[in-house]
Amino acid sequence: HNAGDVPVRVEAMAELIIANLTGWLGKFDEAFAAAERGLNAARATNDPALIGRAYLYIGALWESAGDCDRSADAHRESATWLRGTARDIHFGMALGELGDRLLTCGSIHDAIPLLDEALDYDREVGYLFGLATVLG
């Protein structure tokens, strides 16, 4: 394939992976630019699962950047998009990450029901790492 032939779904995920790896290196301007490109590509697919996964990556990026509120907002958006999609690990990840962010941001009352829902969901789909992460 040449660069113009890359499927938009692959482009979306590639940009989001680049965004997170670049963020881990502390290059946040570059990371957020890649995240924006990834989210735009995901939106172009009109696939709620892919858009939800994009927000999951963006939430992790905001966490790496040290912005608890924006990380929580992205994880909330992720859970909204992923709710009702195919039963896989990503919805549980979004709920668990949102609950964790809310705990970190100081919203314990709001976090507990989300963490409980994440545990129930992770048990239902057999996502053992998710269970371990939420139980922490």
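**Close-up views of a predicted model**

**View 1. Cys 68 is buried, with a relative accessible area of 17%.** The model shown in this and the following views is a predicted one. A value under 20% counts as buried, so the 17% of Cys 68 places this residue in that class. Its partner in a disulfide is Cys 105, and the S to S distance is 1.9 Å. A disulfide is a covalent bond between the sulfur atoms of two cysteines. Cys 68 belongs to helix H4 (residues 68-82) and Cys 105 to helix H5 (residues 89-105), so the pair ties together parts that are 37 residues apart in sequence. The angle about the S-S bond is -120 degrees, and the link of Cys 68 and Cys 105 is left-handed. Cys 105 is partly exposed, at a relative accessible area of 28%. The count of disulfides comes to 1.

**View 2. Helix H1 (residues 8-24) packs with helix H2 (residues 28-45).** Two packed helices are described by the angle between their axes and the distance between the axes. For H1 and H2 the angle is about 160 degrees, and the axes are 7 Å apart. That makes H1 roughly antiparallel to H2, because angles over 145 degrees are placed in this class. The crossing of H1 and H2 is left-handed. On the H1 side, the residues in contact include Val 8, Ala 12, Leu 16, Ile 18 and Ala 19. On the H2 side, they include Phe 28, Ala 31, Ala 34, Ala 35 and Leu 39. The residues of the contact of H1 with H2 divide by class into 13 nonpolar, 4 polar and 5 charged.

**View 3. Helix H1 also packs with helix H3.** Here the angle is about 10 degrees and the axes are 9 Å apart. H1 is therefore roughly parallel to H3. Among the H1 residues that meet H3 are Met 13, Ile 17, Asn 20 and Trp 24. Among the H3 residues that meet H1 are Leu 50, Ala 54, Tyr 57, Leu 61 and Ser 64. The contact of H1 with H3 holds 12 nonpolar, 3 polar and 2 charged residues.

**View 4. Helix H3 (residues 48-64) and helix H4 cross with their axes within 7 Å.** The crossing angle is roughly 165 degrees. H3 and H4 are therefore roughly antiparallel to each other. The crossing of H3 and H4 is left-handed. From H3, the residues of this contact include Pro 48, Ile 51, Tyr 55, Leu 56 and Trp 62. From H4, they include Arg 70, Ala 74, His 75, Trp 81 and Leu 82. By class, the contact of H3 with H4 has 11 nonpolar, 5 polar and 4 charged residues.

**View 5. Ser 64 of helix H3 touches Trp 24 and Phe 28.** These contacts do not count residues up to four places away in sequence. Ser 64 is partly exposed, at a relative accessible area of 34%. Its C-alpha is 8.4 Å from that of Asn 20, and Ser 64 and Asn 20 are 44 residues apart in sequence.

**View 6. Asn 46 is found in the loop between H2 and H3.** Asn 46 has a positive phi of about 60 degrees, although it is not a glycine.

**View 7. Asp 122 is in helix H6 (residues 108-125).** At 1% relative accessibility, Asp 122 counts as buried. Leaving out residues up to four places away in sequence, Asp 122 touches Gly 92, Tyr 127, Gly 130, Leu 131 and Val 134. The C-alpha atoms of Asp 122 and His 75 are 16 Å apart in space, and the two residues are 47 residues apart in sequence.

**View 8. Ala 79 lies in helix H4.** Ala 79 counts as buried, at 7% relative accessibility. Not counting residues up to four places away in sequence, Ala 79 touches Phe 91, Ala 94 and Leu 95. Between the C-alpha atoms of Ala 79 and Leu 25 there is a separation of 27 Å, and the two residues are 54 residues apart along the chain.

Definitions and conventions. Residues are numbered from 1 along each chain as its sequence is written. This is a predicted model: local features need pLDDT of at least 70, side-chain atom pairs count only at pLDDT 80 or more; totals for chains, interfaces and linings use all residues. Side-chain values use heavy atoms; hydrogens and water are left out. Axes are lines fitted to C-alpha atoms, for helices over the stretch in contact, and angles run from 0 to 180 degrees between N-to-C directions. Helices (H or I, at least four residues) and strands (E, at least two) are DSSP runs, numbered from the N terminus. Angles under 35 degrees count as roughly parallel, over 145 as roughly antiparallel, 65 to 115 as roughly perpendicular and the rest as oblique. A crossing is left-handed if the near helix is turned anticlockwise from the far one by less than a right angle, and right-handed if clockwise. Contact means heavy atoms within 4.5 Å. Ala, Val, Leu, Ile, Met, Phe, Trp, Tyr, Cys and Pro count as nonpolar, Asp, Glu, Lys and Arg as charged, and the others, Gly among them, as polar. A disulfide is a pair of cysteine sulfur atoms within 2.5 Å. Buried means under 20% relative accessible area, exposed over 50%, partly exposed in between (1.4 Å probe, protein chains only).
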